[in-house]
Amino acid sequence: ELRRRHPRFFYEGFERSPYGPRRDALRLRFRFRLESSDGPDLAFAPEIIIEGAEGKRCQQIPGPLLENLFFHLGLIEAFSYWKAACSPEIVVTPPESAPIRALDAAQLAWWGDLLRKGMGEYFYVNQIDFRSPDLVRLRASRDLNCGTRGPQRSELRIPDGERRSLVLTSGGKDSAVTLETLRAAGQPFDCLLVNPTPAALDVAKQAGCEQPILVRRNLDPRLLELNAAGYLNGHTPFSALLAFLGVTVAALFGRRRVMVSNERSAEEATVAYLGAQINHQYSKTYEFETAFRDYCRKYLAPEIEYFSLLRPLYELQIARRFANYPAYFPLFRSCNRGQKDNAWCGQCPKCLFVWTALYPFLEREQMLGIFGRDLFAPQSATQRLRELLGQDASKPFECVGTREETVAAIHLCVEKYRQQGIPLPPALETVRQTVLAARTDLPALARRILASWSEQHHLPADLAEQLRRNR
């Protein structure tokens, strides 16, 4: 019914303007429109505000390059508004005067692939058959003036001396490990924080970044009103938005490298649906990273390199490395539910996974100091452990480790409790009896995962060597 009432979704361009009291922030306001067959069209105008980007820095970057980068931010932002009605057609129709690069057939195919894979959880939650050939058609309403080529290398000139990397930084343990790895390598960096939480600001400061680059992403409240009225909602590939945003900010601030902290564990699918593997973390995968790097070279900014520093490692390996940085223990937060309060809720699968991954490598007093209580203690932890182990219909739709590394982590937790002379909490004892007792390979499994290194990565040789050394 929503698709019938709203047959087309339009991306109509963007407006750029200075923002804020000092007028040094850059505001991008995007224009989307959801066509209505039985009433007025629904318009959206979300914003992205990049602090410190307006002025001389912008003036040094060729105008067509900036326009192209800003235009692509709108393309990835459009997913969050198209999903309200799952319209059968997405039409890119900027005004005639906009100096925008073309969307050729290969680009349209690339965006269609990202939509189907990156929106997989959305399709699953809303029970949408994404296999249908007429699910959605992407098209440009005109040639967009500029042929089919992307920006040339000569069009991105980075001033001498600006060799700092740009690191997308959250408040979690993965960001801390990335930043400390760079510090150990003696490589300078800037932190990029999007809608920064207190934890993200604290992590960046602890890593020596006193003045991070801040970006504010403001959703149009009309979207939330529609969700409350029964329009569709669901997960979008947020890490893909961060990739486009990272390259844009790197161009504005003269940075050649954009780094994220996505790990090997993101490769595992969350649930099977209609013959496909649905992955909550698709835009954190090696597949997406590779595809985005190729797209960036062809259509965005060939001189800027995007990659994940932690790609070769599992979450459990990252947790072991994080244990070497106690200064971050009171600062970091990974709980999505508790972000606004800068707290661990202690009741979600993400909290329990982080507890499980860290417990083998920290002292019990340190763990209780971080979380405030033993997260294995509640009886409800049994069900959450089953979910993390994939024993129910699906893994949690959270950024957590693979099923096998969770088994290994639980085994290491059991051994740690025994070494500490503490009786196993009921939830842990239940999993020990029902899952661990049937396996004879647990010590070998834990050793294999903790020693693992994936060659599927895009790390420069110097950083790959540093990551191997920084154990």
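What follows is a chat about the overall fold, the cores, a few elements and some single residues.

Q: Before we start, what kind of model is it, and what gets counted?
A: This is a predicted model: local features need pLDDT of at least 70, side-chain atom pairs count only at pLDDT 80 or more, and totals for chains, interfaces and linings use all residues. Residues are numbered from 1 along each chain as its sequence is written, and side-chain values use heavy atoms, with hydrogens and water left out.

Q: OK, how many helices and strands are in the chain?
A: The chain has 19 helices and 13 strands. Helices (H or I, at least four residues) and strands (E, at least two) are DSSP runs, numbered from the N terminus.

Q: And what's the radius of gyration like?
A: The chain has 23 Å, which agrees with the value near 23 Å for a compact globule with 471 residues. That radius is taken over C-alpha atoms, and the globule rule is 2.2 Å times the number of residues to the power 0.38. Along its principal axes the C-alpha trace spans about 70 × 55 × 40 Å.

Q: How much of the chain counts as buried?
A: Of the 471 residues, 59% count as buried. Buried means under 20% relative accessible area, exposed over 50%, and partly exposed in between (1.4 Å probe, protein chains only).

Q: What about contacts between residues at least 24 apart?
A: They make up 74% of the contacts between residues at least 6 apart in sequence. Contact here means heavy atoms within 4.5 Å.

Q: Let's go inside. Which residues have the most contacts in the largest nonpolar core?
A: Trp82, Trp111, Phe123 and Phe292, in a core of 81 residues. Helix α10 (residues 238–253) gives the most to this core, with 12 residues. Apart from it lies another core, of 75 residues, among them Val177, Phe353, Ala357 and Cys413. A nonpolar core is a set of buried Ala, Val, Leu, Ile, Met, Phe, Trp, Tyr and Cys residues joined through side-chain atoms within 4.5 Å.

Q: What does phenylalanine 292 touch?
A: Leaving out residues up to four places away in sequence, phenylalanine 292 touches Trp110, Ala243, Phe244, Val247, Leu300 and Tyr306.

Q: Switching to strands: which residues of β7 are buried on each side?
A: In β7 (residues 165–168), Ser165 and Val167 are buried on one side, and Leu166 and Leu168 are buried on the other. In a regular strand the side chains alternate between the two faces of the sheet.

Q: And which strands does β7 pair with in the parallel sense?
A: β7 pairs with β8 (residues 189–194) over four bridges, and with β10 (residues 257–260) over two bridges. Two strands pair if DSSP finds at least two bridges between them. Valine 167 stands opposite cysteine 191 in β8 and opposite methionine 259 in β10.

Q: Now α15. Which of its residues are buried?
A: Ala381, Thr382, Arg384, Leu385 and Leu388. They cover an arc of only 165 degrees around the axis, so they sit on the same side of α15. The arc is that of the directions from the helix axis to the C-beta atoms.

Q: What do those pack against?
A: The buried residues of α15 pack against α13 (349–358), α16 and α17 (426–434). Just after α15, glycine 390 takes a positive phi of about 70 degrees.

Q: Last one: threonine 402, buried or exposed?
A: Threonine 402 counts as buried because its relative accessibility is 9%. Threonine 402 lies in the loop between α15 (381–388) and α16 (403–420), and touches Ser265, Glu268, Tyr314 and Lys395, not counting residues up to four places away in sequence.
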